[in-house]
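Please study the sequence together with the structure shown below.

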Amino acid sequence: MAWLKTLADTYDVHSELAGVIKNDQPVLLPISHSTFNAQIEVTIDEDGNFISAKKLEKGADIVTIIPVTEDSAARGNGILPHPLCDKLCYLAGDFAAYTGDKKKEGCYEAYMEQLDDWTRSEYVHPVVRSIKKYLEKRSLIHDLIEDQVLVLNESGVLTDQIKLQGSGQTGANVRFIIHGNDVPYVWQNRELYERYDTYYQKKMGGTELCYVSGKEKACSEKHPSKIRNSGDKAKLISGNDESGFTYRGRFVSKEQAVSVGYVVSQKAHNALKWLIQKQGYTRDGSAVVCWMTNRDMPVPDMMKDSVHAYEDIDEFDFDAIDVMGAAGTNQKDTGKYFAEQFNHAVRGYAAKIKVDDKIAVIALDAATTGRLSIAYYDEMGAKQYMDALLNWQEHCKWNRYIKVEEMSGEKKGISCECSPAPRDMALAAFGVQRSNWLEADGKLIRTVTNRLLPCITGKRAEIPKDLIRAAATRASMPQTMNDFVWYNDVLCVVCAMIRFNYEKGGRTMDRFLEDNVEDRSVLFGRLLAVYDYMEQQAMFRQDESRTTNVKRYWNAFSSRPSRTFKTIKQNLIPYEKKLSDFKLKKFEQWTEEIMSHLSVNGFDNKPLSEMYLPGYYKQMEYMKQAFYKKEDSTEKE
């Protein structure tokens with residue numbers, strides 16, 4: 001129940017924002033309210049006289065805040081009207097006359113009875129009286145036809161052959177504008193929200209023990225849906241299994257399993273919806289959100305790479321990072337230049353966090369079509385969270401090509417060290433290339449990203465080894481991907497994952513080659529790099545462009561290195577003759593150095609561990625730097 005209490009407390013912190021609509025920003029829903037997508041907008045005056053109507057198109061401001069009851073918010077096929085704005089079958093007294101649909105009989109009467117009860121209460125609002133006066137005339141569909149919003153067929157019947165926003169006319173949602181009212185747009189009237197909430201809570205029945213607050217409160221059996229998006233029907237709390245009785249054996253009734261106060265449930269669910277819309281990660285059927293519980297300060301997005309994690313934070317001074325200046329410097333120093341500026345901005349943001357700030361993280365997974373599960377939940381101090389996140393971003397990083405937005409709004413490609421996003425790691429482990437990117441099953445991605453969350457928050461010491469092995473297996477098949485995807489999205493990502501676990505013991509990647517001269521996997525990876533780079537240099541001199549022998553035999557090499565090495569070496573004999581004397585001598589020197597260590601540390605056919613991958617990468621970078629220094633000194637002479 002901790003997550004419910006934390007979310008309810010978060011709602012209280014931001015309660016002044018409930019129902020406030022600002023531009024395209026997500027809205028924190030008032031208690032006893034939900035949303036629907038309106039297809040028709042009707043304008044009437046304060047005396048209930050029809051003025052005009054119009055169709056609302058997709059892409060317009062169609063999301064509408066509406067009062068709801070527990071039953072109407074969770075309704076299926078029954079007659080359960082919303083209190084004010086609803087579908088045509090509930091609002092139109094002439095619905096049956098124009099559609100001939102007898103299945104909807106009783107909807108209008110049930111709606112008007114409920115509306116009349118609100119009208120007679122002390123919490124009625126003038127807007128409610130105006131709408132009631134108009135709908136009592138039973139002329140809604142007639143007026144909509146006259147205004148050419150609805151269209152009859154040749155037989156004079158309203159059918160669903162004509163569509164509004166892709167749905168049939170008869171199921172259209174209607175909202176109202178009251179001409180002459182101080183707040184004409186009904187869905188933006190905060191006084192109306194408050195009056196309905198008070199009215200509805202007064203109507204609720206007896207009290208029970210709320211498991212969240214520990215107090216006797218009016219409790220809810222039907223909890224809100226639409227958590228991840230406006231079309232989401234899955235619920236976090238549900239007890240409608242009246243035939244299977246899955247709770248039997250432990251409890252006599254579902255109330256014994258869980259009992260949550262209505263107000264607490266409304267606050268918690270509305271806060272969660274708002275947070276997900278405002279700053280949550282929603283992809284592959286999952287939703288992950290991290291927020292500061294005690295005040296409205298955006299926090300870095302743990303579901304993005306270390307650079308883009310800060311891009312939506314106003315307190316983070318991205319403008320101080322001169323991306324153009326970084327790109328304009330010497331290409332070899334670009335990544336370092338950018339990293340220095342970025343790290344300075346990160347320290348500036350971290351300094352604004354207060355000692356008493358609290359952070360919560362929640363990850364939701366689709367258990368079934370109608371059920372959501374909490375895959376991960378944690379609470380911690382904001383400084384503790386930032387320390388864990390910075391530790392993750394510092395040790396789980398590798399040099400990759402990313403795009404960074406400049407002050408002008410244009411995105412600039414830059415190569416720098418950054419930690420990959422959890423989704424990048426899932427794709428590196430299980431992705432298959434489609435066009436120019438990796439794809440994988442959404443359920444598999446959700447499972448992997450949820451397993452990585454404790455690694456980011458510091459609750460797990462290492463990245464699970466099976467994920468690293470899976471990513472290493474994908475990296476061992478370069479021929480199944482194009483060079484950029486394999487190198488940037490798989491090899492660099494798995495190297496970052498390996499680095500995180502490797503540096504847990506106090507070691508550093510800066511001396512990786514020197515510290516692993518007795519690791520046969522690392523040595524074989526270095527040998528692979530020497531022969532791959534040798535062939536690349538030879539092909540470059542001859543202006544050739546094709547897959548190298550190393551890439552062709554890569555997978556076999558990772559499984560049977562000694563035997564495959566001999567095949568690769570034999571195939572490279574013609575290319576050695578195409579190299580300059582200096583380069584050939586350097587390659588021979590590197591090969592001899594590595595072989596001297598391998599001869600006493602296992603030059604055999606046992607499969608290689610994932611450590612051969614950073615061995616390959618580090619050796620390749622070392623060789624490129626050696627040739628770059630040689631070319632640079634030659635130019636200066």
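D284 lies in the loop between β13 (281-283) and β14 (286-292); strands (E, at least two residues) and helices (H or I, at least four) are DSSP runs, numbered from the N terminus. This is a predicted model, in which local features need pLDDT of at least 70, side-chain atom pairs count only at pLDDT 80 or more, and totals for chains, interfaces and linings use all residues. Residues are numbered from 1 along each chain as its sequence is written, and side-chain values use heavy atoms, with hydrogens and water left out.

Although D284 is not a glycine, its phi is positive, at about 60 degrees. Q165, in the loop between β6 (163-164) and β7 (167-168), also is not a glycine and has a positive phi, near 55 degrees. Q165 is buried, with a relative accessible area of 15%; buried means under 20%, exposed over 50%, and partly exposed in between (1.4 Å probe, protein chains only).

In helix α22 (residues 561-571), the buried residues are P561, S562, T564, F565 and I568. Viewed down the axis of α22, these residues fall within an arc of 160 degrees, so they line one face of the helix; the arc is that of the directions from the helix axis to the C-beta atoms. R563, K566 and Q570 are exposed on the other side of α22. An α-helix has 3.6 residues a turn, so residues three or four places apart point the same way.

Finally, A388, L389 and W392 in α13 meet C455, I456 and T457 in α15, where contact means heavy atoms within 4.5 Å.
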